[in-house]
Amino acid sequence: LSFDLSLFNVVATLVFAFLARVTGRRDLAILAPSHNRSGAAFKETMGLFIEILPLYLELEDADSFRDVHARVARESAAFLLLALPGTSSAVHNRSYSVLLNFIHAAFSDFAGMPMTSEWIHPGHGDSSHALRLQVHDFDGRGNLRLHFDLSREIFGPDAADRVMRHFL
């Protein structure tokens, strides 16, 4: 288990707990990216192989945060093991309403010049998603940044602050 996967599991646990709280549902699914770099040799292959696939969780009323976290850890391990290149599709992904994009990456200097990274929102997302949560710690600063992309049709035009406060 890597530090990155452990951190993803904590954030995913928070997302599932948040969704259970605001929706009242106990059977939940979110979309998450899989890097599809399953072996050491494949990690050196250039190219973008990301698949967006569902991560399922069923909560019990008596679950503690630790219980949910343990279940998320098991599900994310299975998710990474079973995520195969070419198994996701845009049509399939539109049937889910929440996406968690977790990027924990540090980038080295470029040609001897210091480099910093920032999240630049593309200005649009899949309109079928109610919530797209972008979580990142670029350049290994040790601070997670959360960007909530909310459907205005579902949450209203001024819901971002309310949703962020509730999540935190």
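**View 1. An aromatic cluster of Phe 18, Phe 148 and Phe 167.** In this predicted model, the three residues Phe 18, Phe 148 and Phe 167 group into one aromatic cluster. Two of its members, Phe 18 and Phe 167, are both buried.

**View 2. The edge-to-face pair of Phe 8 and Phe 102.** By the ring-pairing rule used here, the model holds four aromatic pairs. One of them joins Phe 8 and Phe 102, whose ring centres are 5.9 Å apart with 75° between the planes, an edge-to-face arrangement. Because Phe 8 sits in helix H1 and Phe 102 in strand E3 (residues 98-105), this pair ties together parts that are 94 residues apart in sequence. Phe 8 and Phe 102 are buried.

**View 3. The edge-to-face pair of Phe 18 and Phe 167.** Here the ring centres of Phe 18 and Phe 167 lie 5.3 Å apart and their planes meet at 70°, so this pair is edge-to-face. Phe 18 belongs to helix H1 and Phe 167 to helix H6, so to speak a link between distant parts of the chain, 149 residues apart.

**View 4. Helix H1 crossing helix H6.** Let's step back to the two helices: the axes of H1 (residues 3-23) and H6 (residues 160-167) come within 10 Å and cross at roughly 115°. That angle makes H1 roughly perpendicular to H6. The crossing of H1 and H6 is right-handed.

**View 5. Side by side, the residues where H1 meets H6.** From H1, the contact takes in Leu 14, Val 15, Phe 18, Arg 21 and Val 22, which meet Val 163, His 166 and Phe 167 of H6. Sorted by class, the contact of H1 with H6 has six nonpolar residues, one polar and one charged.

How values were computed:
Residues are numbered from 1 along each chain as its sequence is written. This is a predicted model: local features need pLDDT of at least 70, side-chain atom pairs count only at pLDDT 80 or more; totals for chains, interfaces and linings use all residues. Side-chain values use heavy atoms; hydrogens and water are left out. Axes are lines fitted to C-alpha atoms, for helices over the stretch in contact, and angles run from 0 to 180 degrees between N-to-C directions. Helices (H or I, at least four residues) and strands (E, at least two) are DSSP runs, numbered from the N terminus. Angles under 35 degrees count as roughly parallel, over 145 as roughly antiparallel, 65 to 115 as roughly perpendicular and the rest as oblique. A crossing is left-handed if the near helix is turned anticlockwise from the far one by less than a right angle, and right-handed if clockwise. Contact means heavy atoms within 4.5 Å. Ala, Val, Leu, Ile, Met, Phe, Trp, Tyr, Cys and Pro count as nonpolar, Asp, Glu, Lys and Arg as charged, and the others, Gly among them, as polar. Rings of Phe, Tyr and Trp (its six-membered ring) pair if their centres lie within 6.5 Å; planes under 30 degrees apart count as stacked, over 60 as edge-to-face and the rest as tilted. Buried means under 20% relative accessible area, exposed over 50%, partly exposed in between (1.4 Å probe, protein chains only).
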